[in-house]
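Reader: Please take one part of this model and look at it closely. I would like to follow how its pieces are held against each other.

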Protein chains: 2
Amino acid sequence: MSKNNPLLEAFNQTIYPVGGHSKRNIQVLKEVLNEIDGNLDSDIYGSGKLIENFQEEMATYLGKETAVFFPSGTMAQQIALRIWCDRKGIKKVAYHPLSHLEIHEEDGLKELHHIETILLGDKDRLIRLEDVLHMQDDIACLLIELPQREIGGQLPDYEELVAICTYCREKGIRLHLDGARLYEILPYYQKTAAEICELFDSVYISFYKGIGGIAGAILAGDEAFTKESKVWKRRHGGDLISLYPYILSASYYFKQRLPKMNQYYEEAKMLAGFYNQCHGIVTKPIEPATNMFHVHVDLPKEKLEPILIALYEETGIGLIHYVKESSETSCCYEVSIGDRFAHIPKDELRKAFQLLDVKMREAAALSE
Amino acid sequence: MSKNNPLLEAFNQTIYPVGGHSKRNIQVLKEVLNEIDGNLDSDIYGSGKLIENFQEEMATYLGKETAVFFPSGTMAQQIALRIWCDRKGIKKVAYHPLSHLEIHEEDGLKELHHIETILLGDKDRLIRLEDVLHMQDDIACLLIELPQREIGGQLPDYEELVAICTYCREKGIRLHLDGARLYEILPYYQKTAAEICELFDSVYISFYKGIGGIAGAILAGDEAFTKESKVWKRRHGGDLISLYPYILSASYYFKQRLPKMNQYYEEAKMLAGFYNQCHGIVTKPIEPATNMFHVHVDLPKEKLEPILIALYEETGIGLIHYVKESSETSCCYEVSIGDRFAHIPKDELRKAFQLLDVKMREAAALSE
């Protein structure tokens with residue numbers, strides 16, 4: 001793959017790759033299993049201590065009655081919305097125009113569950129209280145994604161979030177939290193997971209973003225809700241005889257990385273600061289609200305890539321492994337901070353960005 | 001769990017458990033990973049050598065153009081039937097009354113895909129050519145399960161199978177093979193997997209029955225079919241970022257156990273022979289067609305269980321870990337032969353069945 005992709009190839013050669021925890025390789029699972037006694041019994045179709053204990057632990061962490069482990073968030077969230085629609089007798093939900101369900105799931109919600117979706121607010125900003133207040137349609141459920149990944153991981157003020165949720169509660173609209181990156185928002189809000197989840201009827205969390213597990217998700221809510229979700233889990237083909245490779249890795253890396261979320265957040269702010277000092281580069285948001293942000297560059301992708309490759313070769317620091325075209329004259333990419341960032345000598349990082357700034361100015365001068 | 005379940009507890013204490021390969025514990029995965037270099041890259045959302053190579057290998061094995069790895073057969077088979085229904089513009093399929101889709105999937109096919117099902121033939125026997133010939137409804141697809149698990153793993157004669165498939169082909173009805181136990185039928189038919197699969201448009205195989213992997217399935221067919229199946233896989237929430245724990249274990253145990261299918265089959269016939277020599281016990285089928293069969297006992301469950309427990313304690317041989325009530329006066333269970341059987345001293349096994357015969361006669365005399 002990397003043979004046809006010089007940027008990825010150069011990135012893979014760097015001493016200090018900047019984002020994420022580590023390579024996505026089999027070692028991630030081997031490390032977990034080295035700590036586990038081989039005599040531990042597998043989970044069997046959702047039963048057994050291995051899965052039940054983890055579900056209980058996560059329910060407690062999220063401040064919910066019960067929790068169910070799912071192979072994927074795609075499955076968990078469609079099911080959550082389906083249950084709330086069935087309860088309310090309205091097959092309509094609302095979410096952000098760039099919700100994962102709208103752009104990354106091949107319309108599973110519509111094709112499998114025949115649920116209509118209202119896109120609330122605009123693509124390039126958060127859902128606001130006024131969007132909710134002015135909603136014309138009767139909906140069963142509002143899905144809120146915290147942080148809003150596709151706009152750089154932005155977060156609403158806590159007060160606005162509470163106002164939105166309070167309004168929905170009063171109107172009998174169910175609230176579902178897309179918490180794929182829930183742990184990552186806690187430093188910003190200075191709240192516990194349970195305090196955030198209290199605003200919602202149901203919550204989904206993921207284990208392979210900030211936590212760095214292999215795959216898998218938890219869906220949490222009250223007992224009737226999770227019981228029903230297990231029936232749908234079987235219907236979707238998600239009630240696997242054994243989910244333990246995902247559960248064990250979720251549990252292992254949850255313990256390891258949950259305490260580091262504040263560190264990732266501070267590091268993301270530092271890194272965004274470096275980016276924003278470069279000519280023709282701006283991060284979105286300017287100051288990250290979590291461990292992630294987007295980088296927008298005023299150069300076409302094909303002009304930025306050779307600059308990055310040269311930078312990696314000269315400094316040993318790998319800023320990113322891919323670049324996405326956003327227009328004929330600009331490009332962008334997403335950065336998420338994990339374990340790797342702490343290992344980078346910050347002086348060298350600073351120098352790399354000074355060099356990037358120089359190269360960006362040269363490129364701008366050339367194209368004038 | 002076993003504390004409230006004396007039969008399971010006694011079974012777990014035996015030196016020689018009779019069915020299956022080994023305990024379903026974490027060691028099953030540890031053994032696989034010990035053989036794998038930690039630097040091997042993960043699959044990413046269905047891409048990467050790890051998943052692509054295995055899919056190609058399985059396509060070749062099954063004699064199909066392409067193959068897709070799924071987390072579960074439940075997901076793979078619903079999707080296969082959905083695709084054939086969409087192609088034909090008829091939302092109706094036919095299968096055996098005890099098909100996995102009908103009794104073990106919480107009606108996913110109906111609830112998610114709105115596909116109507118025709119139950120062909122009777123619960124206690126195989127689908128016959130005449131059932132297919134007399135079918136009134138227009139259907140998109142006929143699903144055939146080989147072997148028919150819920151009636152003890154029975155198999156139609158090859159000639160009848162060919163006649164059924166030929167008739168469907170002529171009528172434009174698509175054929176899907178539920179091959180959850182495909183490897184296990186090859187010794188009976190004396191055919192290759194590809195020769196059997198040639199009769200079908202699409203095929204599903206599983207990796208945690210005879211193969212003894214952790215979970216996972218392959219769906220195979222022509223290129224247009226598998227391409228469409230990947231879209232539905234994402235919709236179902238089955239396009240996990242990483243499926244490698246299942247793929248690696250499927251591949252490992254496939255290589256290890258595929259050559260043993262004939263041995264399991266011969267051992268199943270031997271074991272069924274022992275059962276059928278016992279008073280009040282008969283296997284279904286009398287002579288197994290695969291590595292599996294059902295055991296039917298003319299005693300109520302609560303009378304058989306103490307007999308089995310006593311037998312396990314006296315002989316160290318564990319025949320089964322559960323018994324299912326089939327009526328007030330009878331009970332049954334399923335036996336599948338795997339690696340364990342070869343380790344049992346056959347003289348001791350013979351003695352255990354002689355003792356079981358004595359105990360069954362005593363119980364019968366007592367209840368007269």
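Author: A salt bridge is a side-chain nitrogen of Lys or Arg within 4 Å of a carboxyl oxygen of Asp or Glu. Over all chains, a search of the whole structure finds 40 salt bridges. One of them joins Arg87(B) to Glu228(B), with 3.4 Å between the closest N and O atoms. Arg87(B) belongs to helix 4 (residues 73–88) of chain B and Glu228(B) to helix 11 (residues 223–236) of chain B, so this pair ties together parts 141 residues apart in sequence. Helices here are DSSP runs (H or I, at least four residues), numbered from the N terminus.

This is a predicted model, in which local features need pLDDT of at least 70 and side-chain atom pairs count only at pLDDT 80 or more, while totals for chains, interfaces and linings use all residues. Residues are numbered from 1 along each chain as its sequence is written, chains are lettered from A and ligands numbered from 1 in the order in which they are written, and side-chain values use heavy atoms, with hydrogens and water left out.

Another pairing in chain B is that of helix 1 (residues 6–13) with helix 14 (residues 301–315), which pack at an angle of about 20 degrees with their axes 9 Å apart. Axes are lines fitted to C-alpha atoms over the stretch in contact, and angles run from 0 to 180 degrees between N-to-C directions. Helix 1 and helix 14 of chain B are therefore roughly parallel (angles under 35 degrees). Helix 1 of chain B makes the contact (heavy atoms within 4.5 Å) through Pro6(B), Leu7(B), Ala10(B) and Phe11(B), and helix 14 of chain B through Glu305(B), Leu308(B), Ile309(B) and Tyr312(B).

Note on methods. Helix = DSSP H or I, 4+ residues; strand = E, 2+ residues; numbered from the N terminus. Parallel < 35°, antiparallel > 145°, perpendicular 65-115°, else oblique.
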